[in-house]
Amino acid sequence: MINFNLKTQLSWNEIAVRTAFVLVTVAAIVWFMPRPSEFNFTVEEGKPWSEADLTATFAFPVYKSEETMAKERAERMKEFVPRYNFDKSVGAHQVALLRQKLDQLPIDYGTQMKMALASSLNNIYKQDIIESVDSLTKKGIQAVWHVEGITTQKMSVQQLLTPRQAYERLLKDPAVRRYAEVLQELNLHEFIVPNMVYDKVNNQPILDDLLYVYPKSRDVQAGEKIISHGDIVNEDTYQVLKSYRKEYEKRHTSGETALTTLGKVLYVFIIILMFTIFLGYYRKDYFDKLRSASMLYALIVVFMLATSLLVSHSLFHVYIIPFAVVPIFVRVFMDSRTAYMTMATVILIAASMLQHPLEFIAVEMVAGLAVVFAMRELSSRAQLFWTAAIFILVSTATHFSLFLIRVGDLQQFSFTEYTYLVLCGVIVFCAYPLLYVIEKTFGFVSDITLVELSNTNKELLRRMSEVAPGTFNHSIQVGNLAAEVARRIDANTQLVRTGALYHDIGKTVNPIYFTENQAGGISPHEHLSYIESAQYIIGHVTEGLKLADKNHLPRQIREFIATHHGQGKAKYFYIKYKNEHPDEPVDDLLFTYPGPNPFTKEQAILMMADSVEAASRSLPDYSEQSIRTLVERIIDGMVSEGFFRECPITFRDIQYSKTVLIEKLKTIYHTRISYPEARK
């Protein structure tokens, strides 16, 4: 079997879980990574080039812009002289129609008028009439070829007539004006149509030759610098970049895409595998908790998706993505080393999507390391603010230092990338609400939530202070003792303090059955059997869990309620029952707490602090020896009864816990000196 841990081998089930995490994560990342044909640059004409220096990796032609080619076509159109065929039959046909129309008039105006009108129309058709002159002038055409049979004559556009112009000229003829009354009925404009026909067969080859513009203006050689960082993208450079993009996309054939995809799979697989091995060697407990491993791999996939979307669509700049949020989240819910390793995994994979990754890796890794140092804990919004400020300071300083190394010319300095880094820092600070989403999604609880739960004005704690004041004071004392122990043995101080405040919350249901809440020496247990009394005492655990569920307390707090007595017994009533019934078999389950036993270091600390604090109230005197004896007896009894077998607490931790509890109890119960009375 694969040995992920130095001391123990993994079961097949654990291997399957780790393999599934690796394969699913690799598949998701590779699927969302930009395709090889995607050009990962934002190109804006008139704006500074925000990427690193760009050098051509292959030779490619620079294509002319559509505007340039349109101008060249317009210039060539001025050289074009189209051919028009002069059709005599058009005029003869229209004159015949006019004669036919005149013959149909109800009044005979005589042969002389008919001949005059027909002659005038026939004279008009000796001119060149085309459909539109404006269409020619708009294209820059200055002349046309008049083709009549084998005769070809070049004519200026100004010599041509449109049907409207021909009609107006016809009306000005003196022979026509004499018959104005007849013209109203004739509608002479209907008899004027173009007699010049566009020769498409002969014109089209000439036109195609003229309008063809060679799209390439020049060639860029492999290794030639296209643009430097900070340079303004002018019209020429913009066209070069567009040509580079076009050629880049053309060059990625299906075979190259397959090889590129294979490279992506191998690269991502290696990095994710290394991250998984790190967790297996040094943070195996995270794999044992599915929510922890799920959060780590989910963060990697989510940030890779964000990077891919930004790069694929050329949105903003990659520096605007708040990669610093990754170590913040991991540090809040786990530890610093895992936070930095997770961030390194994210940065290394994201860098593979960029054209120039080294500067990105340097800036993000250094800034991420500063964030890990700044986020020792997160118990207030102010800490997140200072963390964001440190990120901005370190990231911009690192980027500026790399600029000095690479460029060394302040005249080429641009604020563009620094603006994105500052915006990223603002996003990091505004990521505070996402902590709540992470908590609810993966079942974590942050120090901020624990601090909020520790507020004694919370409904459960306020009610406990009112109906069970003795239990409330006991919980506060246990919290102080447990927090001091946690601080000494490197456990979660805030978690154990908050857990201590809620561990006896179930006593608010029947507070009078617990000694610390009884006033005047009156106890309801005097009227109950030992079994009934034990059930009331044990019941505060189940009642506490019901209240925790009803008030939506985090799972970690509910675990403190369930484990603070483990599977121990209500010993006072258990021993009383056995002493009075020596010959009867005892059902131990009637006197046993439901448990389970503690399974975290913090739960073990609370169990020790709870038992010691409660027992210390019954000491006849508070000498150092009596306190030491009490602490040693109670904690050694817990160890011998096996309460800590499933808990990752060491004998060294237990010994430190004893020392802290003894010192704290000595301070709490220190002997006070008697004040002298004044003589009268």
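Let's start at Gln100, which is partly exposed because its relative accessible area is 44%. The cut-offs behind that label are these: buried means under 20% relative accessible area, exposed means over 50%, and partly exposed is in between, with a 1.4 Å probe and protein chains only. Before going on, note that this is a predicted model, where local features need pLDDT of at least 70 and side-chain atom pairs count only at pLDDT 80 or more, while totals for chains, interfaces and linings use all residues. Residues are numbered from 1 along each chain as its sequence is written, and side-chain values use heavy atoms, leaving out hydrogens and water.

Back to Gln100: you'll find it in helix 3 (residues 88–103). Helices (H or I, at least four residues) and strands (E, at least two) are DSSP runs, numbered from the N terminus. From Gln100 to Lys114 it's 14 residues in sequence and 10.0 Å in space, C-alpha to C-alpha.

Now for some strands. Strand 4 (residues 143–148) and strand 5 (residues 151–156) pair in the antiparallel sense over six bridges; strands count as paired if DSSP finds at least two bridges between them. Val147 stands opposite Thr152 in strand 5. The hairpin of these two strands has two residues between them, and Gly149 there takes a positive phi near 70°.

Leu23, Leu259, Leu262, Val265, Leu266, Phe269, Ile270 and Met274 make a nonpolar patch of about 740 Å². Patches are made of residues with over 30% relative accessible area and no salt bridge, joining like charges within 9 Å and nonpolar side chains (Val, Leu, Ile, Met, Phe, Trp, Tyr) within 5 Å. The areas come from the Shrake-Rupley method with a 1.4 Å probe, and for residues only the protein chains shown count as cover. Helix 11 (residues 254–282) gives the most to this patch, with seven residues. Leu259 has its place in helix 11, and its relative accessible area of 62% makes it exposed.

What about the rings? The structure holds 15 aromatic pairs. Rings of Phe, Tyr and Trp (its six-membered ring) pair if their centres lie within 6.5 Å; planes under 30 degrees apart are stacked, over 60 edge-to-face, and the rest tilted. Phe275 and Tyr297 sit edge-to-face, at 5.7 Å centre to centre with 75° between the planes. This pair links distant parts of the chain, with Phe275 in helix 11 and Tyr297 in helix 13 (residues 290–312), 22 residues apart. Phe275 and Tyr297 are both buried. Phe303 and Phe323 make a tilted pair, because their ring centres are 6.0 Å apart and their planes are at 35°. Both of these Phe residues are buried too, and ring pairs link Phe303, Tyr319, Phe323 and Phe360 into a cluster.

Finally, charges. Side chains of opposite charge can pair when their charged atoms come close. How many salt bridges does the structure hold? There are 19, each a side-chain nitrogen of Lys or Arg within 4 Å of a carboxyl oxygen of Asp or Glu. Asp504 and Lys507 meet in one (3.2 Å, N to O); Asp504 is buried at 1% relative accessibility, and Lys507 is buried at 9%. Another joins Asp653 and Lys601 (3.7 Å, N to O). Since Asp653 lies in helix 29 (residues 651–668) and Lys601 in helix 27 (residues 601–616), that pair ties together parts 52 residues apart in sequence.
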